[in-house]
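Subject: The structure you asked for

Hi,

Have a look at it first, and then read on for what turned up in it.

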Amino acid sequence: MRAVYFEQHGGPEVLILGERPAPALGPGQVRMRVRAASLNHIDVFLRRGLPGIRLPLPHIPGCDAAGEILEIGEGVSGLKPGDRVLMNPSLSCGKCEFCQRGDVTMCVSYKLVGEHTDGTCCDEIALPAENAIPFPETMSFETAAALPLVFVTAWRMLITRARLRAGEDVLIHGAAAGVGVACIQIAKVAGARVFAVASSEEKLDLCRSLGADVLIHSEKEDVVKRVREATGRRGVDVVVDYVGKATWQRSLQCASRGGRVVTCGATTGYNPEEDLRHIFYRQLEVIGSTMGSRNELLAPLKLIFEGRMRPVVSAVYDLANLADAHRLMEARKVLGKIVIRVSQ
């Protein structure tokens with residue numbers, strides 16, 4: 001099958017468009033024609049190489065996909081060839097203590113499609129049938145491919161882990177990125193006041209259009225000062241920080257007494273300086289979050305299918321131009337998501 005893959009770590013130039021073996025269909029699986037995929041920061045990090053992670057090479061990137069079922073495996077019911085589906089990228093064993101209590105992202109054998117397995121920047125994939133989720137005929141493949149990873153991540157962060165409630169204040173760093181766009185909308189549906197932090201007027205305009213209440217230009221304003229002014233020096237109840245090293249200390253300073261700081265990543269570095277006094281004296285909670293369960297994906301999907309939330313697609317690239325999509329993401333010029341059109 002046709003695929004984009006890399007045989008060594010490096011810049012976007014290491015991405016190769018070529019032929020790779022088509023996936024075999026196993027019991028309980030479906031084989032899916034990929035119509036569209038989307039780009040996430042993890043794709044860029046894996047291409048560059050991550051310390052401590054040995055990635056079998058060659059590797060096909062891509063953690064999101066939407067397409068059509070080509071074939072169903074033995075034991076599969078409720079799905080049929082021709083069904084339009086998007087992919088839940090989380091893979092778990094279903095048997096360990098964490099899976100049994102519903103915390104599949106804590107599974108001792110947890111895998112993410114596109115990180116621990118070959119990904120979706122290819123013509124076909126095979127995946128467990130429960131990971132294939134039908135979506136409306138009125139939605140394009142490109143739109144559907146922009147949904148899974150960022151919305152399941154944002155839902156678990158805000159609703160499950162940070163326990164966001166109506167009437168609370170939430171600060172979102174990198175608010176115009178894929179996860180940030182999802183966080184703004186989920187927080188508004190939850191009844192929170194949203195403080196959106198972004199690095200350009202164009203990005204802040206997007207945040208405003210999605211319902212953000214307080215807009216903070218990170219390149220021109222003192223984020224901590226603006227938050228204190230807008231909250232009467234109280235601080236916000238929840239801080240969403242997946243930026244990491246560049247923003248972590250400010251996140252701790254922006255949180256209210258007893259506030260929650262939740263993180264799902266560290267795009268600018270994973271080893272920030274930290275003043276522990278902010279944590280113990282003001283009794284902050286620092287909460288980690290990774291991906292989400294099937295139910296944590298179905299919850300935002302329902303709202304999206306009802307028209308109450310939406311993905312934001314910044315650009316669409318053909319599979320042959322995946323390297324250009326990586327360059328755009330590395331230039332920090334993305335609003336929302338970059339989608340990869342794999343086939344018409």
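First, a term: a salt bridge is a side-chain nitrogen of Lys or Arg within 4 Å of a carboxyl oxygen of Asp or Glu. By this rule the count comes to 26 salt bridges. Before I go through some of them, two notes on the background. This is a predicted model, where local features need pLDDT of at least 70 and side-chain atom pairs count only at pLDDT 80 or more, while totals for chains, interfaces and linings use all residues. Residues are numbered from 1 along each chain as its sequence is written, and side-chain values use heavy atoms, with hydrogens and water left out.

Salt bridges

Take Glu 296 and Arg 156: they form a salt bridge, and their closest N and O atoms are 3.1 Å apart. Glu 296 lies in helix 10 and Arg 156 in helix 4, so this pair ties together parts that are 140 residues apart in sequence. (Helices here are DSSP runs of H or I with at least four residues, strands are runs of E with at least two, and both are numbered from the N terminus.) Are these two partners buried or exposed? Glu 296 is buried, because its relative accessible area is 8%, and Arg 156 is buried as well, at 5%. For the cut-offs, buried means under 20% relative accessible area, exposed means over 50%, and partly exposed is in between, with a 1.4 Å probe and protein chains only.

Asp 237 and Arg 234 make another salt bridge, with the closest N and O atoms 2.7 Å apart. Here Asp 237 counts as buried at 9% relative accessibility, whereas Arg 234 is partly exposed at 45%. Glu 306 and Arg 308 also meet through their side chains, at 3.9 Å from N to O. Glu 306 is partly exposed, with 42%, and Arg 308 counts as exposed, with 51%. There is a network of salt bridges too, which links Arg 31, Glu 71 and Glu 124.

Around helix 10

Helix 10 covers residues 294-305, and Ala 299 is found in it. Ala 299 is partly exposed, because its relative accessible area is 25%.

Ser 293 sits in the loop between strand 15 (285-288) and helix 10. Ser 293 counts as buried, since its relative accessibility is 14%. What does Ser 293 touch, if you don't count residues up to four places away in sequence? The list is Gly 102, Val 104, Thr 105 and Val 152, where contact means heavy atoms within 4.5 Å.

The cores and strand 13

A nonpolar core is a set of buried Ala, Val, Leu, Ile, Met, Phe, Trp, Tyr and Cys residues joined through side-chain atoms within 4.5 Å. The largest one has 107 residues, and Leu 158, Val 170, Val 240 and Ile 338 touch the most other members. Helix 4 (residues 148-161) gives the largest share of this core, with 8 residues. Another core lies apart from it and has 17 residues, including Val 224, Val 227, Val 239 and Cys 254.

Val 240 is worth a click. Leaving aside neighbours within four places in sequence, its contacts include Met 157, Leu 158, Val 170, His 173 and Val 262. In strand 13, Val 240 is the bridge partner of Ile 172. Strand 13 (residues 236-240) is mostly covered, with 5 of its 5 residues buried. Strand 13 pairs with strand 10 (residues 169-172) in the parallel sense over 3 bridges; two strands pair if DSSP finds at least two bridges between them. Val 238 stands opposite Arg 260 in strand 14.

Helix 1

Helix 1 (residues 41-48) is mostly covered too, with 6 of its 8 residues buried. Those buried in helix 1 are Ile 42, Asp 43, Val 44, Phe 45, Leu 46 and Arg 47. What covers them includes strand 3 (29-39) and helix 11 (322-330). Just after helix 1, Gly 49 takes a positive phi of about 105°.

Happy clicking!
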